[in-house]
Amino acid sequence: MTFPHRVEQWRQAGAYAEVGGHRLFFREEGAGDEAIVCFHGFPTSCFDWLPIWDQLTECYRVLTWDLLGFGFSDKPAPHHYMITEQTDLLLELLAQRGIDRAHILSHDYGTILVQELMARAGDGDSVPGLKMDSVTFLNGGLFPEMHRPRLTQRLLLSPLGWLVSRLFTEKKFASAFSEVFGADTKPSEEEIKEFWSLIEFNDGARVNHLLINYMRERLQFRDRWVHGMIDSPIPTILINGLDDPVSGAHLLARARDQMTKAHFVALPGIGHYPQVEAPEAVLDAFLAFIEPLGPSL
């Protein structure tokens with residue numbers, strides 16, 4: 001398969017690890033005294049972090065990876081994709097890479113994994129194998145009752161989800177994907193091709209209806225994940241694109257009310273992918289938050 005130029009460069013700069021019986025793609029770069037681990041969202045991949053990658057790796061050791069079922073990682077089917085499994089795979093990958101302490105930067109689907117980590121940590125700031133020095137959330141369904149799924153998501157979750165996955169095309173993806181961006185920050189045709197190439201790789205679109213199970217899990221484990229996040233002593237910030245129809249201003253309002261110990265940054269005119277739509281603003285807010293917290297290694 002031929003990939004767009006930037007995607008191919010990203011692939012060439014990464015590597016694979018055998019984790020939990022699966023082959024996971026990851027990219028690790030930088031040699032600073034502090035580590036950052038970046039969690040991507042649905043239905044894309046760790047390529048989402050490209051717009052801020054070079055700046056992060058100038059001073060930090062940064063690791064990101066494609067979750068099971070995403071990007072260049074294995075996409076088993078049939079498979080019962082679960083947040084707990086994804087979290088276990090991450091912890092095993094970090095152990096292999098010798099990372100036991102890090103700042104966390106997460107988006108969308110990835111924010112749920114972070115909530116699971118926070119719930120496992122209980123009243124502390126660490127789980128076995130990983131101390132979290134800070135948590136940064138970008139747009140995501142932190143409070144399930146505030147999540148406003150798009151039509152494509154609802155269809156994938158329905159009994160006909162398998163058919164929707166099979167009929168999903170680049171054109172349909174482009175339409176649905178663009179809807180969650182800000183009015184003035186829509187992805188270009190080339191960006192659409194980049195994102196789609198990673199979804200399509202290894203016939204990945206066929207597993208979208210399996211990956212969407214996270215929406216059921218988020219409701220099932222709502223109290224565990226929300227209270228784990230709210231009660232955590234870990235320094236936390238939410239950087240939110242206000243114009244996101246899925247988890248924008250309405251989500252930020254709930255977060256401000258419930259997450260009384262957290263910090264918040266609002267990005268007007270920005271949609272669901274702040275790191276792609278407003279990379280400089282996200283980078284500035286993220287670095288300003290973690291820099292005073294001190295070394296993590």
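Residues are numbered from 1 along each chain as its sequence is written. Because the model is predicted, local features need pLDDT of at least 70 and side-chain atom pairs count only at pLDDT 80 or more, while totals for chains, interfaces and linings use all residues; side-chain values use heavy atoms, with hydrogens and water left out.

**Exercise 1.** Describe how helix α2 packs on helix α14.

Solution. 
- Locate the helices: α2 spans residues 50-57 and α14 spans 279-290. Helices are DSSP runs of H or I, at least four residues; strands are E runs, at least two; numbering starts at the N terminus.
- Take the geometry. The angle is about 40° and the axes are 9 Å apart. Axes are lines fitted to C-alpha atoms over the stretch in contact, and angles run from 0 to 180 degrees between N-to-C directions.
- Classify. That angle makes α2 oblique to α14. Under 35 degrees counts as roughly parallel, over 145 as roughly antiparallel, 65 to 115 as roughly perpendicular, the rest as oblique.
- List the contact (heavy atoms within 4.5 Å). P51, I52, Q55 and L56 in α2 meet P279, L283, F286 and L287 in α14.
- Sort the contact residues: seven nonpolar, one polar and no charged. Ala, Val, Leu, Ile, Met, Phe, Trp, Tyr, Cys and Pro count as nonpolar; Asp, Glu, Lys and Arg as charged; the others, Gly among them, as polar.

**Exercise 2.** Work out the packing of helix α7 with helix α8.

Solution. 
- α7 (residues 170-178) and α8 (residues 189-200) pack at about 115°, axes 10 Å apart.
- E170, F173, A174, F177 and S178 in α7 meet I192, K193, F195, W196 and I199 in α8.
- These residues divide into seven nonpolar, one polar and two charged.

**Exercise 3.** Find what K131 touches.

Solution. 
- K131 sits in strand β7, residues 130-137.
- Leave aside neighbours within four places in sequence. K131 then contacts D100, R101, A102, D125 and S126.
- With D125, the side chains make a polar contact at 2.4 Å. Such a contact is a pair of N or O atoms within 3.5 Å; within protein, one must be able to donate a hydrogen and the other to accept it, and residues adjacent in sequence count only if both atoms are side-chain atoms.

**Exercise 4.** Which backbone values stand out at P43, P78 and D108?

Solution. 
- Recall the background: most residues other than glycine have a negative phi, and most peptide bonds are trans.
- F42 to P43 is cis, omega near 5°. P43 lies in the loop between β3 (35-39) and α2.
- A77 to P78 is cis, omega near 0°.
- D108 has a positive phi of about 55°.
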